[in-house]
Amino acid sequence: MPAVKVPDTPVEVLVDILTKANELAIANGHVPEELKSQLQKALDIASGMDHYLEKMTTQESEPLAELYEKTISHDWDKVHKEGKTMFRLPKECITGHVEGQTLKMLIHMCQAKRVLEIGMFTGYGALSMAEGLPEDGCLMACELEPYLKEFAQSIFNKSPHGRKITVKTGSAMDTLKELAAAGEQFDMVFIDADKDNYINYYNFILDNSLLRLRGVICVDNTLFKAKVYLKDTTDSNGLALRKFNQFVCDDPRVEQVILPLRDGISVIRQVSVALSSETQSQITDDEVFRGVMGHPILDRMRLDGKVAYVTGAGQGIGRAFAHALGEAGAKVAVVDMDQKKAEAVAEELHLKGIISIAITADISKPEDVQKMVEDIVSKWGTVHIACNNAGINRNSASEDTSLEEWDETFNVNLRGVFICCQAAGRVMLKQGYGKIINTASMASLIVPHPQKQLSYNTSKAGVVKLTQTLGTEWIDRGVRVNCISPGIVDTPLIHSESLRPLVQRWLSDIPAGRLALVTDLQAAVVYLACDASDYMTGHNLVIEGGQSLW
Ligand SMILES: C[S@@+](CC[C@H](N)C(=O)[O-])C[C@H]1O[C@@H](n2cnc3c(N)ncnc32)[C@H](O)[C@@H]1O
C-alpha cells in the first residue's frame, strides 16, 4: 500500500520550513550557490527520512492496511455533522504504519500479555499491538466515541488477532477507575488520548498499580510537532505535553526516554525507589523484599548459560524436558538411541533459537555414556544439568517374568541411570555444582494395575533410592540429585495394542480425571534444574494427578 503521509511531526515541520527556505533561495538571485546546495541537502535528508522508514519497516498486515485506508478516506466531518461523533475527529489522529510496528515490537520486547490503550480512535495502534501479543494475550482499548468502536470492530473481525481486543467506550478515566477497582494490571499501557489529561492518566496508573512491576508505559505525541521545546509555543496541547515530559523526567518512580519517532513516543518504566527512612522503619528490607540477588522469583528459575542434557529426549517426556530446559535458557544436548529422533528434536529446539546438539547413545552402555558426557564437555565446557530420563517398560506376570526381561529393564532403568549419574556426577563434583534429575515413576510408590510390570516397578523404586542416596552423599559438594515421578503419561508408549484398553480403567483411578500430559511435567524439571530449588535434594517429586493417594 502506498504510504500516506501523516503531517505535523517535528520532521514534517522541518521539511515544510526547509521547502519554503529552499524556494526563497531559488527565487532570490543573490543567494550563493553553496548555500542553495546546502539547503537542498538538508531538505533531502529531512524529507527522505519518513519515506525510508516506511519502506524499511516490515509491511503492515492486510487488515491494518485496510484499516488505514478506511480511516483516511472516511468523511469524519460528515459523521460529526450527522451527530454520530461527539467531536470532529481528525484523520491524522491515526497511529500509522511505522509507529504501529514500533508498538508491536515493544510488545514483543517486554513480552507483554495484557495491554491497556487509552485513546483507540479507529484501532490502528490497538490492532498493531494485538498482532504482537501471544494467543492468550489481551488488549483493553478505551475510547470515548461509541461510533469508533463499531468502525474498528468491523476490521478487528477480519483479523485473527482482533479477538484479543476489548473496546471499552466512555471516558478513559472512568474506565481506569473501574479497572483499578477490579484489581486489573497491565504489562504495557499506551497513552494516546486527550493531551490535557496525560498527567492524570499517568499518575492514576502508577498510584493505583495498574502497571505491573517491570511494565512499560508508552506515550504518544510527546514531541508534539517540536512545540514542547520551541520557546514561542502558546498552543495549549504543546504546553500540556511540555509540562507532562518535565513531570515524568522529574519523577523518581520512573526512567524515561523520548524516541524521536513520528511525533515522539515516550517509553517509561518503573524503577525501585530508594527507601525513605520512614518507609525503611516499616518494612523488612531483605532478600524476600528485594529478591535473591535482586531477582524476582520467575527470573530465579531461568537457566541462562547452563548446559543440560536429556536422555530419551527423542520423544515423549524427554522431548518435553528438552524443550522446557531450552525455553528456560539452557543449552541442551538431546540424547537418544535413535539418531533420527534425537536430530529431529534438536532441530525443533534450533528453530526456537535454543542452542542444541543431538547425541546418539545407548545409556545401558558405559562407553556410550562416557562419550556422551565427553562430547558435551568438549563442545560446551561442562555439564550443569543432567536429566536421566530414558527408560523402558515391559509387561509380564511376575511368575513368567524372564531374567532377560528383568535384566533388560534394569540395565536401562536403574543401571543406566546410575551410569549416567556417575559420569555426569564426576564432572559436577569437580566443579562443585550440578543438578541431576532422574525420571522415576509413580510406580515407585504404588503398584499400578491391572497391567503387570514387576521389573519396571522395582527398577523405578530403585531409581528413587539411588536418588536419595546420591542426593545426600553429594549435596555438600554442590550436586543436588532429585527425581520426578510422573503418573501415567499420555505418550506413544501407552498406545501399544496391549495397553490401550486399560486407559478407561486407569482414568477411574485418577482424581484429576485424566492422564498426565508431558507438558504437565515441564515446570517441575525447570524448577529442579534451577538455583531456586538448591535446598532440595534426594526428593521424589510426584506428579500423578493424585493417583497415588487413592
Ligand atoms: C490520537 S487518537 C488515538 C489514536 C490511536 N491510538 C491509534 O492508534 O490510531 C485519540 C483518541 O482518543 C479519544 N479520546 C479523547 N478523549 C478521550 C477520553 N477522555 N476518554 C477516552 N477516549 C478519549 C478520541 O476520541 C480519539 O479517538
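Predicted model: local features only at pLDDT ≥ 70, side-chain atom pairs only at ≥ 80, totals over all residues.
Visitor: What makes up the domain assignment of the protein chain?

Guide: The assignment, which is automatic or from a database, gives domain 1 (10–56), domain 2 (62–270) and domain 3 (304–549). The C-alpha centres of domain 2 and domain 3 are 48 Å apart.

Visitor: Why is H9 called roughly parallel to H10, rather than antiparallel?

Guide: The axes of helix H9 (residues 198–207) and helix H10 (residues 236–250) come within 9 Å and cross at roughly 30 degrees. Angles under 35 degrees count as roughly parallel, over 145 as roughly antiparallel, 65 to 115 as roughly perpendicular and the rest as oblique, and therefore H9 is roughly parallel to H10. These axes are lines fitted to C-alpha atoms over the stretch in contact, with angles from 0 to 180 degrees between N-to-C directions; helices (H or I, at least four residues) and strands (E, at least two) are DSSP runs, numbered from the N terminus.

Visitor: Which residues of H9 and H10 meet, and of what class are they?

Guide: Tyr198, Ile199 and Tyr202 in H9 meet Ala240, Leu241, Phe244, Phe247 and Val248 in H10, contact requiring C-beta atoms, placed from the backbone, within 7 Å. By class, this contact has eight nonpolar, no polar and no charged residues, where Ala, Val, Leu, Ile, Met, Phe, Trp, Tyr, Cys and Pro count as nonpolar, Asp, Glu, Lys and Arg as charged, and the others, Gly among them, as polar.

Visitor: How many residues surround the ligand, and which are the closest?

Guide: The shell has 19 residues, with Thr95, Gly119, Phe121, Gly125 and Ala172 the closest; a residue belongs if its C-beta atom, placed from the backbone, lies within 6 Å. By class the shell has 11 nonpolar, four polar and four charged residues, and helix H6 (124–132) and strand S2 (138–143) each supply at least two of its residues.

How values were computed. Residues numbered from 1 in each chain as written. Contact = placed C-beta atoms within 7 Å.
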